Amino acid sequence: MASDWKNVRAGVPQGSILGPLLFLMYVNDLPQGLTSTVKLFADDVSLFSVVDNSPLHSANMLNNDLAVINHWAYKWRMSFNPDPTKQDTEVLFSRKRKDIVHPDLIFNGTKVNQAPSQKHLGMILDEKLNFNEHLSAKLSKARKSVGILRKLFYLIPRNSLVTIYKSFIRPHLDYCDFIYDKPSNVSFTDNIESIQYNAALAITGAIRGTSRDRIYQELGLESLSARRWFRRLSVFYKIKNSKSPNYLFSIILSSIANSITRNRANIPLLSSRTEFFKNSFFPNTIKEWNNLNITIRNSLTLSSFKNNILKIIRPSLNPVYYINNPIGLKFLTRLRLNFSHLREHKFKHNFQDTLNPLCGCSLEIESTEHFFLRCLNYANERQTLLNEISKFDSTFLLRCSSDQVDILLYGKSIFKAENNFEILSNSITYILSTKRFDEKLF
């Protein structure tokens, strides 16, 4: 069915193909006659002015522009802020210790509400530009989502859990991370990194206290701090190669024009009077850019540049070959990560019930190698395991013990995927049949 034809006297039909283009044409002349800086994004309009020595002058300029905008809206039959929950707001951005007294702004006959922060294009900008409020909101959302991962652990395969994390949790922390990042702030970095670490625990079933580097290696995840470094450099690559707005590129040009450097391949560093500015995007990223290998800096495309950086920071994951046995895979992973029920692992992590690392079967340390290859308690289970593994690797019994353990834990890259699947499946069968991991760990 089709609706009746109607004349559109104002605005554009919502959801139509031409709607966005028609809307842009409709509002394109809004900035004309404005003296302050104006930014348009869809139906959002933002004005800003740099307050130097005269807050009154800045306020008069903004009030005049607000009056111009109000007249424009009346002329073209539009209404700003019809929703009372989205009223116009004013934020005074300043890192000065002494607060600035700024005259009131008036829009449409009403005083503009002053607020300590404002959400702009999905990012909360606070008056001190610390981005603490933005980060707090994103961390809260991410933590709730990590809790969902834990509930899904026994229901879906590991690969799917990793995909869920990358698609729905990590993007909360990726968004504008090159802006809010504080590279030299350890507590800041650890606070963010805890999200990915907890997600990795939820995905693998590893024990809290497991080495972060080892568990990231298991899943093929770069740290979030390394990821922010990668994303800062990627944005800078686009700026330097004129793939971003010109006003960003002009910052680099002015830095080059005002400095003399012996190494012309490097970009002159920006002088920094405060730690805050020193760790902000341009000063910090220019320094990191200059430290990059010249071959990487000269990458011909953004894609090749990103790939070269990712080779540095992203570990190769340890595959599990689509094994869908959550409990068995959890115990296998704990052995991979050197933190399990075994007495050697518990002793290293100072468990109160483990006064020494010796196995109860002998005077030998209960290590992963001992558990798989020599423990007297599991002789029958072990013989079954070795018989099965020899079907896929005829030289297995001739290998050294460390190689044997590696194959039992990881398979071998030269083997076919289906053979590695069978090897790890047999290792899991052995682990479960020994019932060594059935007791509660805590």
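**Figure 1. Burial and overall build of the predicted protein.** Of the 442 residues in this predicted model, 39% count as buried. Buried means under 20% relative accessible area, exposed means over 50%, and partly exposed lies in between (1.4 Å probe, protein chains only). The protein has 19 helices and eight strands. Helices (H or I, at least four residues) and strands (E, at least two) are DSSP runs, numbered from the N terminus. The C-alpha trace spans about 90 × 70 × 45 Å along its principal axes. The radius of gyration is 30 Å, whereas a compact globule of 442 residues would come near 22 Å. That radius is taken over C-alpha atoms, and the globule rule is 2.2 Å times the number of residues to the power 0.38. Residues are numbered from 1 along each chain as its sequence is written, and side-chain values use heavy atoms, without hydrogens or water. Local features need pLDDT of at least 70 and side-chain atom pairs count only at pLDDT 80 or more, while totals for chains, interfaces and linings use all residues.

**Figure 2. The largest nonpolar core.** This core holds 31 residues, and L149, Y165, Y180 and I215 touch the most other members. Helices α3 (132-152), α4 (158-174), α6 (186-204) and α7 (212-219) each give two or more residues to it. Helix α6 gives the largest share, nine residues. A nonpolar core is a set of buried Ala, Val, Leu, Ile, Met, Phe, Trp, Tyr and Cys residues joined through side-chain atoms within 4.5 Å. Nonpolar side chains tend to be buried together in soluble globular proteins.

**Figure 3. Close-up of I215.** Residues up to four places away in sequence are not counted here; beyond them, I215 touches Y197, A200, L201, T204, A206, T210 and L337. Contact means heavy atoms within 4.5 Å. Another core, of 30 residues, lies apart from the largest one and includes V320, L409, L424 and I428.

Figure 4. E218 sits in helix α7. Its relative accessible area is 2%, so E218 counts as buried. Neighbours within four places in sequence aside, E218 contacts R158, T204, L317, N318, V320, T333, R336, L337 and Y410. E218 and L432 are 214 residues apart in sequence and 21 Å apart in space, C-alpha to C-alpha.

**Figure 5. Close-up of H341 in a loop.** H341 lies in the loop between α14 (326-336) and α15 (343-348). H341 is buried because its relative accessibility is 2%. Not counting residues up to four places away in sequence, H341 touches F331, R334, K346, R436, F437, E439, K440 and L441.

Figure 6. S234 belongs to helix α8 (residues 224-240). With 5% relative accessibility, S234 counts as buried. Leaving aside neighbours within four places in sequence, S234 is in contact with L302, F305 and K306.

**Figure 7. Two loop residues with positive phi.** L129 is in the loop between β8 (123-126) and α3. Phi of L129 is near 55°, a positive value in a residue other than glycine. L129 counts as partly exposed, at 32% relative accessibility. Y322 is in the loop between α13 (302-313) and α14. For Y322, phi is near 60°, again positive in a residue other than glycine. Y322 is exposed, with a relative accessible area of 71%.
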